[in-house]
Amino acid sequence: MSESQNLPNLAIGYSRARLLTLFGGSGLLTLLFAGLAFTWQEGKNITSFQVAACYVGAVFFGLATCRMLWRLFSARQPVVFISRVGIRDTRLAGETIAWSAVRKIMLWEQRTQKFVVLKVDPLIAERFSGGFATQALVLMNKALGADSVIVKAGGLTMDTETLLETCKQYWGAGRPAHADHSVPEPAPEPVS
């Protein structure tokens, strides 16, 4: 029996504890910005820019609080599925990315956030562009010459490093043995 046959199918969902922490933090920041916006209007040395910044902060974190509350109630099912065949993130699309289409798996860190990046064939990467923030990251990656799919572990029951190691393990077991040896591609023939 090969190593790939011993790997179980994984289903990763949202962590209630992490979502409650994010909900609590965004709720506190919403109250803080709203409180500052309403009490600063009574102050005499407060600029309108500071009041406007507090209103923007209250709206931004209020929307984040609503999103976390929605996830707490609606996220009862797993969102990331890892199997011997490939990986599927339902937040991006309903399709499975086959391990044979993944060229490289790496960790990408942006300030304090970490992401698992799957460098895939260009045609497959276009299907998994996801939401606005993911599309912006994909466009930035394309500008640098990398076609990739970004899997975020924020709020999941598995942290980013564990998700990265799990993906690498399944990727190594799910690829054919001849995929490790690079075969030179034939040169294209000129068209007359």
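Guide: The following account begins with the aromatic rings and then turns to other parts of the chain. Please note that the model is a predicted one.

The structure holds four aromatic pairs. One of them joins phenylalanine 38 and tyrosine 55, and it is edge-to-face, because the ring planes stand at 80° and an angle over 60 degrees counts as edge-to-face. The centres of these two rings are 5.8 Å apart. In general, two values describe a pair of aromatic rings, namely the distance of the centres and the angle of the planes.

Where do phenylalanine 38 and tyrosine 55 lie? Phenylalanine 38 belongs to helix α2, whereas tyrosine 55 belongs to helix α3, which spans residues 48-74. The pair therefore ties together parts that are 17 residues apart in sequence. Tyrosine 55 has a relative accessible area of 32%, so it is classed as partly exposed, the class between 20% and 50%.

In an unreviewed UniProt entry, the annotation "transmembrane region" covers residues 20-40 and 46-66. In the model, the chain over residues 46-66 is 90% helix and 0% strand. The end C-alpha atoms of that stretch are 29 Å apart.

Is serine 15 buried or exposed? Its relative accessibility is 14%, and because buried means under 20%, serine 15 counts as buried. Leaving aside residues up to four places away in sequence, serine 15 touches Gly155, Leu156 and Thr157.

These contacts lead on to another region, a sheet. Three strands form an open sheet in the order β5-β6-β7, and their pairing is antiparallel. Strands β5 (102-110) and β7 (148-152) are the edge strands, since each of them pairs on one side only. On average, neighbouring strands of this sheet are turned by 25° against each other, with direction ignored. Between β6 (residues 113-120) and β7, the antiparallel pairing extends over five bridges. Phenylalanine 115 has lysine 152, in β7, as its bridge partner.

Finally, a helix accompanies this sheet. Helix α6, made up of residues 160-174, lies across β5, β6 and β7. Its direction is at about 170° to that of β5.

How values were computed:
Residues are numbered from 1 along each chain as its sequence is written. This is a predicted model: local features need pLDDT of at least 70, side-chain atom pairs count only at pLDDT 80 or more; totals for chains, interfaces and linings use all residues. Side-chain values use heavy atoms; hydrogens and water are left out. UniProt positions are given in the numbering used here, feature names are shortened, and annotations may be inferred rather than shown by experiment. Helices (H or I, at least four residues) and strands (E, at least two) are DSSP runs, numbered from the N terminus. Buried means under 20% relative accessible area, exposed over 50%, partly exposed in between (1.4 Å probe, protein chains only). Contact means heavy atoms within 4.5 Å. Rings of Phe, Tyr and Trp (its six-membered ring) pair if their centres lie within 6.5 Å; planes under 30 degrees apart count as stacked, over 60 as edge-to-face and the rest as tilted. Two strands pair if DSSP finds at least two bridges between them. Axes are lines fitted to C-alpha atoms, for helices over the stretch in contact, and angles run from 0 to 180 degrees between N-to-C directions.
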